[in-house]
Every structure is written in structure tokens, then in C-alpha cells.
Protein chains: 2
Amino acid sequence: MVTTRNREIVLIRRPEGMPREGDFMLRETDMPMCGDGMVLIKTLYLSVDPYMRGRMSGVKSYIAPFALDEVITGGVVGEVVETRSKDLNTGDIVSGTLGWRDYNTADSRELRRIDPGLAPVSTALGILGMPGLTAYFGMMDIGRPEAGETVVVSGAAGAVGTAAGQIAKLRGCRAVGIAGSDAKTEYLVRDLGFDAGINYKSAPDFKDALKRACPRGVDVYFDNVGGWISDTVMPLLNYKARVVLCGQISQYNLEKPEPGPRVQPYLLVKSALMKGFIVTDYAARYEEAVRELGRWVAQKKLKYTEHIVAGLENAPKAFIGLFSGENTGKQIVKAG
Amino acid sequence: MVTTRNREIVLIRRPEGMPREGDFMLRETDMPMCGDGMVLIKTLYLSVDPYMRGRMSGVKSYIAPFALDEVITGGVVGEVVETRSKDLNTGDIVSGTLGWRDYNTADSRELRRIDPGLAPVSTALGILGMPGLTAYFGMMDIGRPEAGETVVVSGAAGAVGTAAGQIAKLRGCRAVGIAGSDAKTEYLVRDLGFDAGINYKSAPDFKDALKRACPRGVDVYFDNVGGWISDTVMPLLNYKARVVLCGQISQYNLEKPEPGPRVQPYLLVKSALMKGFIVTDYAARYEEAVRELGRWVAQKKLKYTEHIVAGLENAPKAFIGLFSGENTGKQIVKAG
């Protein structure tokens with residue numbers, strides 16, 4: 001046992017619009033007791049993800065909302081520092097859905113052991129974790145890109161978008177990434193092999209830029225953002241195009257839904273498909289996907305970047321940064 | 001040869017908003033010559049369908065626009081009255097895409113022979129033709145209703161909607177039809193076996209009526225209309241729901257697209273699918289479908305109604321009537 005005090009971050013107010021640091025509070029608590037079959041885990045990395053915004057609202061969705069004055073929970077990678085389970089030893093590295101705390105206890109059956117020899121353990125929150133799996137299943141099961149097709153990815157410089165675009169390239173497609181800065185679009189094209197990148201904030205005529213980047217139209221649109229960016233993509237869809245609804249980050253902080261052009265006429269005349277999903281729809285196939293993603297990473301065919309913010313106390317700030325496009329690649333908080 | 005004069009209906013002006021009779025003209029023409037391999041066909045029935053509105057605009061879509069001052073073409077059932085083809089005899093009944101004329105000539109290879117012993121020949125334009133096939137493929141390939149699920153059909157009293165709802169019943173589902181009059185909703189429930197019908201024009205609180213008709217939410221939404229009716233359905237979608245985009249008749253006469261609530265957030269949180277289609281996507285499977293539909297009709301498991309308007313000269317009026325909900329079942333014009 002390293003310390004007798006623990007720290008945790010709780011939600012003290014449901015955000016209105018863009019979340020603010022004052023919606024969260026860091027508080028000290030007692031060290032949790034490690035019961036039978038449980039382990040005590042020291043947090044190494046914790047994940048901040050756009051989907052968590054939904055849980056901060058009081059509205060029931062596919063996942064229960066966070067309770068007020070309770071700890072925020074999400075993806076965590078940590079080290080076992082005390083064990084009362086025969087399945088895990090001290091020193092083991094594990095990942096699971098745990099609290100934003102210095103230390104958590106958990107039933108060993110709710111944890112996944114990570115092999116630190118395969119890749120840096122933080123990748124269990126990124127390319128080999130939820131975001132990588134999300135890109136994989138969204139692209140392989142819904143987008144189903146065929147060689148020679150054009151794939152557009154919005155939010156392309158984020159954790160999911162970087163993976164989705166590279167998977168499109170691995171499938172022999174033209175990959176076009178939409179992101180919010182020149183540094184990001186340059187990263188996509190130069191470092192990740194995207195065929196084109198469009199900075200939606202600076203393009204003088206976004207629609208025109210998109211058309212020029214997609215001279216043969218759009219076969220797959222992997223959508224992380226929604227809103228006007230997606231509206232602009234719809235008229236470019238090809239016959240039997242697929243729109244993968246992965247996220248709608250532009251809409252998460254709106255106090256009330258904004259209207260937009262209806263998508264149905266575009267989908268109708270092009271016999272096109274639009275489908276939402278969450279990664280847990282594919283829980284039964286995680287192993288297959290992690291294996292495949294791991295192979296691509298090992299072969300340097302799938303690159304990733306992690307944007308690491310130091311300190312548990314900075315987790316709220318790192319989370320809020322997702323909505324201003326602070327991160328390139330996976331936004332991660334390094335605890336301690 | 002019955003006559004030496006022919007009549008045809010041409011489009012003389014592209015409709016703005018709701019089509020008017022003055023957009024069309026009936027004109028007399030010479031009798032067409034029946035060339036080698038061709039037949040001369042006397043029109044018995046012709047089909048007016050909502051999708052034709054799109055062809056009257058000048059905009060390129062999945063099908064070329066009608067040319068101005070040219071005859072309108074669409075589904076026609078007729079009798080061969082002269083033949084220069086070894087494949088067809090005089091007296092044969094055929095269907096094909098032909099002009100709104102008293103007499104057409106056509107290459108015999110572009111025609112389908114109809115067996116008048118199986119069902120009234122007008123069904124080749126309805127339940128055993130394009131609308132029946134549309135309901136069949138939309139429901140079986142995209143909607144894929146499972147026993148016990150709730151299926152909502154908009155435009156439920158139309159040619160496609162009546163078939164779609166009955167197919168849902170054949171699959172063991174709860175079928176809820178939305179239509180524009182009490183006579184229509186009564187017809188759906190009493191004659192066709194729908195479980196509930198909602199008159200969207202008179203329901204004091206449409207949203208509430210829909211909720212009460214769908215106490216277990218909506219698993220399949222077969223959409224013929226779009227607009228605010230569809231907006232109301234979206235929040236009721238269940239996990240992994242399917243939205244079949246078959247038509248958007250409420251939008252066809254708009255001078256410019258109307259905005260609406262975005263559908264993506266609903267599809268996203270429910271892992272739901274929305275897909276457009278046109279019946280020709282399934283051309284390779286028409287035979288299978290006509291066989292299945294014919295069996296259901298013969299077994300009285302699939303009923304149909306035809307709303308027949310007399311006289312070629314009344315085809316424009318019959319077409320326009322589609323948009324005011326004049327018809328229950330398939331709107332057909334009886335020539336002669």
C-alpha cells in the first residue's frame with residue numbers, strides 16, 4: 001500500500017452547453033478496501049472520450065447517466081498493487097471501466113490483463129482499445145469499403161478518425177480526412193497516408209474543397225462530427241453509399257437540437273445506407289479485432305498518436321479540450 | 001388496326017410545387033408504325049406513381065427527367081393488337097414502360113407477358129407490379145421484421161403502404177398504419193388486418209397517438225412520406241431499429257428543401273439503420289418476388305385495392321390526386 005489517501009473526480013453539476021471545469025471537483029477520499037476476489041489498482045492512464053458528454057446530461061441513453069456527486073467512470077489502465085484474487089498478481093497491468101481515481105478496487109473478472117510487451121500499455125485506451133475497436137467495426141461492418149472507393153472521415157485527426165482513415169487505406173481506398181487545423185490535415189496526409197485533408201475551419205469554400213477532394217463522389221462517409229460538415233457531404237454520396245454514424249460531437253453541447261437539411265432524400269435517390277452503432281454492439285468480436293489491429297500496428301501499417309495530459313486533476317480540462325479540437329489522436333490523462 | 005389516330009399526354013411545363021393540369025397537354029398524333037420485331041399495343045391501364053414527380057423536375061436523379069413536349073412514360077398494361085414479333089401474338093396482354101398513349105409500339109423484348117388467368121391484369125401495375133415489389137423488397141431486405149416486432153408504415157393506405165403493412169402482419173409483427181383519413185385507417189384495420197391506424201390529419205396529438213399505438217417502441221419504420229410525420233417516429237425507434245426509406249412524398253412538391261430535426265443522433269444512440277432504395281436495385285430478384293406475392297394474393301393473405309380513374313385524358317388529374325391522398329390502394333388509369 002503506497003498511501004492511505006485517495007483522490008477522485010466527481011461531477012458536481014450537469015454541464016449546460018460546453019462543459020466547464022467548475023462542473024467537476026477533485027476530492028480526497030479514503031483508500032478503498034480490497035475485498036475477497038478483488039484487486040487494488042493504481043491508475044496509470046485514464047481515457048477522456050466524447051461519448052462521456054452524453055453521460056453527464058441527465059438523459060437516459062444507451063448508457064446510464066453519471067450520478068451527481070459521484071465519481072466519473074471511464075476507461076482506465078492501471079497496475080495491480082494489491083491482490084486478493086488468484087487471477088491477478090501485483091505488478092500486472094490491467095484495463096477496465098473504473099473511476100477517475102488514483103486508486104480503484106475492482107473484481108478481477110471485470111478487468112482485462114494487458115501484455116506490456118506487445119505495445120505501450122496506454123494503447124489499451126486508444127488504438128488497441130475502445131477507439132480502435134470503434135474504427136474497426138464501424139469501417140469493416142458498416143462502411144465495408146471496397147478497393148478504389150472514396151472514403152471521407154470527419155473528425156479525422158481524433159482517436160477514432162485516424163484509425164478509420166488508415167483502415168480505409170489498408171482496404172485500397174482513397175481516404176479524405178476533415179479536421180480543424182492545418183497541422184492536423186498535414187499530419188493526416190504526411191504521416192498517416194491520407195490522400196487529402198481539408199481544414200474545415202480555414203477552407204474558403206468547404207463544399208468546393210470537398211468536391212475537389214472527392215472527384216468520384218463519396219462511397220463511405222465515416223462521421224464523427226455531424227452538423228453542417230455532414231450536411232455538406234450528403235449531396236456527394238454515390239449510389240449505394242454507406243454513412244457510418246460513429247459520433248456527432250458538434251451536437252453534444254447544444255442546449256437544444258439544431259435543425260438541418262433532411263438527409264432522407266439524399267439516401268433515397270442513392271439507395272444509400274446510414275447506420276449508427278456503439279462499440280459494445282460488437283462485444284462478441286473484440287478479440288478478433290484487437291488481434292487484427294495489433295497485427296497492423298506491429299507491421300507499422302496502422303499508426304497512432306497519443307495526446308497525453310499529465311495529472312488526474314487535469315482530467316476535466318483534458319475532457320473539455322476534446323470539444324475544442326485540442327487533441328490530435330487519442331486524448332489520454334497520465335495519472336500521478 | 002382499330003383507328004388511324006392516336007392520343008398522348010405530354011409534359012408542357014415543369015411543375016412548380018404541386019403539379020397542375022395545365023402542366024400537361026393531351027395531343028393527337030399519328031398512329032405509330034410497327035417495325036420489325038415490334039408489336040403495337042393498345043393501352044388498357046396506365047400507372048400514376050409518386051416517383052414520377054421527380055422526373056417532371058429538370059433535375060437529374062436515379063432516373064432521367066422527362067423531356068418537355070415529350071410524352072410521359074410509365075408503367076402500362078396493354079393488349080397486343082398487331083405483331084411483327086415471333087414472341088408475341090395478337091391478344092397477348094403485356095406490361096412495360098410505355099408512353100401515356102392510346103397505342104404504343106415496343107420491341108417485344110422490352111415487354112413482359114401477363115397471364116390473365118392468374119389475377120386481373122391491372123395488378124401488374126399494383127400488387128404484382130412495381131408497388132408490390134417495392135413493398136416486398138423494402139420490407140424483406142431492409143426492414144427484415146421479426147415476429148413480435150412493431151412495424152410502422154406511413155402512407156399506409158397507398159399502393160406500397162397497404163402491401164408493406166400486410167407483409168409485416170405475415171411476418172408476425174404488430175402493424176401500425178399512418179394515413180390521412182378515418183376511412184383509410186378503418187380500411188387498414190378492418191379490411192387489411194393492421195393492428196392500429198392513425199389519422200395524422202385529425203389526431204389531436206399525433207405524437208401521443210403514435211406512442212399509444214406503439215407501446216413497445218418501433219422496430220421497423222417503413223417510410224413513404226418523410227417530413228414531420230417521420231420526425232415524430234424517430235424518437236420512438238428501438239435498439240437496432242430499421243428505417244426503410246421508400247418514398248418522401250411530403251417533400252416532392254417543395255420548391256426548396258425544408259429543414260427538420262437531424263436524424264443522426266437518434267440513429268446513433270439506438271444503433272439504428274436507415275436505408276434508401278429503389279425497386280430496380282432488386283431487378284435480379286423480381287421473379288422470386290412476383291411468385292411469392294402471387295402466392296399470398298391467391299391465398300387471400302395479401303389483399304389489395306385499386307382506385308381506378310377512367311380515361312387517358314384524366315391521367316394528369318389522377319397523378320395530381322396522389323399528392324392530396326385521393327387514392328386508397330393503387331391509383332390506376334383505365335384507358336379508352
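**A close look at one helix**

Modeller: This is a predicted model. In chain A, helix H2(A) is followed by A:Arg144, a residue with a positive phi, near 45 degrees. The helix itself covers residues 130–143 and is mostly covered, with 12 of its 14 residues buried. Among the buried ones are A:Met130, A:Leu133, A:Phe137, A:Ile142 and A:Gly143.

Next, the packing. Two packed helices are described by the angle between their axes and the distance between the axes. The partner here is helix H3 of chain A, residues 159–170; the two axes come within 8 Å and cross at roughly 40 degrees. H2(A) and H3(A) are therefore oblique to each other, and their crossing is right-handed. On the H2(A) side, the contact is made by A:Pro131, A:Gly132, A:Thr134, A:Ala135, A:Tyr136, A:Gly138 and A:Met139. H3(A) contributes A:Ala159, A:Val160, A:Ala163, A:Ala164, A:Ile167 and A:Ala168. By type, the residues of this contact are 10 nonpolar and three polar, with no charged ones.

Chain B holds the other copy. Chain A superposes on chain B by a rotation of 180 degrees with 0.0 Å of shift along the axis, at an RMSD of 0.0 Å. The two copies are thus related as by a two-fold rotation axis. They meet through the same surface, because 100% of the interface residues of chain A are also interface residues in chain B.

In chain B, the C-alpha atom of B:Leu133 is separated by 7.1 Å from that of B:Val290, 157 residues apart along the chain. B:Val290 belongs to helix H8 of chain B, residues 286–298. With 19 other C-beta atoms within 10 Å, B:Val290 is partly exposed, because a residue needs 20 or more to be buried.

Technical notes: Residues are numbered from 1 along each chain as its sequence is written. Chains are lettered from A and ligands numbered from 1 in the order in which they are written. This is a predicted model: local features need pLDDT of at least 70, side-chain atom pairs count only at pLDDT 80 or more; totals for chains, interfaces and linings use all residues. Helices (H or I, at least four residues) and strands (E, at least two) are DSSP runs, numbered from the N terminus. Copies are superposed by least squares on the C-alpha atoms of residues with pLDDT of at least 70 in both. Two residues are in contact if their C-beta atoms, placed from the backbone, lie within 7 Å. Axes are lines fitted to C-alpha atoms, for helices over the stretch in contact, and angles run from 0 to 180 degrees between N-to-C directions. Angles under 35 degrees count as roughly parallel, over 145 as roughly antiparallel, 65 to 115 as roughly perpendicular and the rest as oblique. A crossing is left-handed if the near helix is turned anticlockwise from the far one by less than a right angle, and right-handed if clockwise. Ala, Val, Leu, Ile, Met, Phe, Trp, Tyr, Cys and Pro count as nonpolar, Asp, Glu, Lys and Arg as charged, and the others, Gly among them, as polar.
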